[in-house]
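Please look over the sequence and the structure shown here before reading on.

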Amino acid sequence: MREQLTESDVKKIQEEIEYRKLVVRKEAIEAVKEARAHGDLSENFEYHAAKKDKNINESRIRYLERMLKTANVITDHSKADEVGLDKTVEVYCEDDDETETYRIVTSVRGNSLSGLISIESPLGKALMGHKVGDRVYIKVNDQFGYYVEIRSISEASGEEEDQIRKF
């Protein structure tokens, strides 16, 4: 499946790849060399741990490069008063009588525990394109769904951007 990424996502992934190649890779190779100098490799825990860390970093680089190669770069075409990508939405959940705040993001950055809702999730799909005051039905599956009312929509602040986890 092709990941949907924004230009910002692509930039962050490229930065992580560069960091891993220039900094982490160098440190990992140095750690392997140092551990190798300790002698017998068959019983050298430090050597095996350093080698494993190096391989994890290389796997991560390959994963991110593959993601960029196959990604579908998307842009948000929503109006200022509509729910769209990278916007913060406050919704009132009728069933729970609670107000929740979410940020709509791409699937790669989605993290529901942090309030980052993917545009591919049932909630994200249902909210896209709606405006303040709209009552939206969120279909979870064939037998269950619930209604929410959109209370506010705002652009993401710089502080929210900083809270987004690295890829």
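The paragraphs below go from the whole chain to one residue. The model is a predicted one.

The overall dimensions come first. Along its principal axes, the C-alpha trace of the protein chain spans about 70 × 30 × 30 Å. The radius of gyration of the protein chain is 21 Å, whereas a compact globule of 167 residues would have one near 15 Å.

Next come the elements. The protein chain contains four helices and seven strands. Read from the N terminus on, their order is β-α-α-β-β-β-β-α-β-β-α. Contacts in the protein chain can also be sorted by how far apart the residues are in sequence: among those between residues at least 6 apart, 52% join residues at least 24 apart.

Of the 167 residues of the protein chain, 34% count as buried. The accessible surface of the protein chain is about 10,600 Å², and 48% of this belongs to carbon and sulfur atoms. As for charge, the protein chain carries 27 positive and 35 negative side chains. The centres of these two sets lie 8 Å apart.

Glu58 is found in helix 2, which covers residues 45-70. Does Glu58 count as buried or exposed? Its relative accessibility is 16%, and buried means under 20%, so Glu58 counts as buried. Which side chain does the side chain of Glu58 meet in a polar contact? The partner is the side chain of Arg25, at 2.8 Å.

Conventions. Residues numbered from 1 in each chain as written. Predicted model: local features only at pLDDT ≥ 70, side-chain atom pairs only at ≥ 80, totals over all residues. Heavy atoms only, no water. Helix = DSSP H or I, 4+ residues; strand = E, 2+ residues; numbered from the N terminus. Buried < 20%, exposed > 50% of the residue type's maximum accessible area, 1.4 Å probe, protein only. Polar contact = N/O pair within 3.5 Å; in protein donor to acceptor, adjacent residues only side chain to side chain. Rg over C-alpha atoms; globule rule 2.2 N^0.38 Å. Contact = heavy atoms within 4.5 Å. Areas by Shrake-Rupley, 256 points an atom, 1.4 Å probe, with all protein chains shown as cover. Lys, Arg positive; Asp, Glu negative; His and termini not counted. Charge placed at Lys NZ, Arg CZ, Asp CG, Glu CD.
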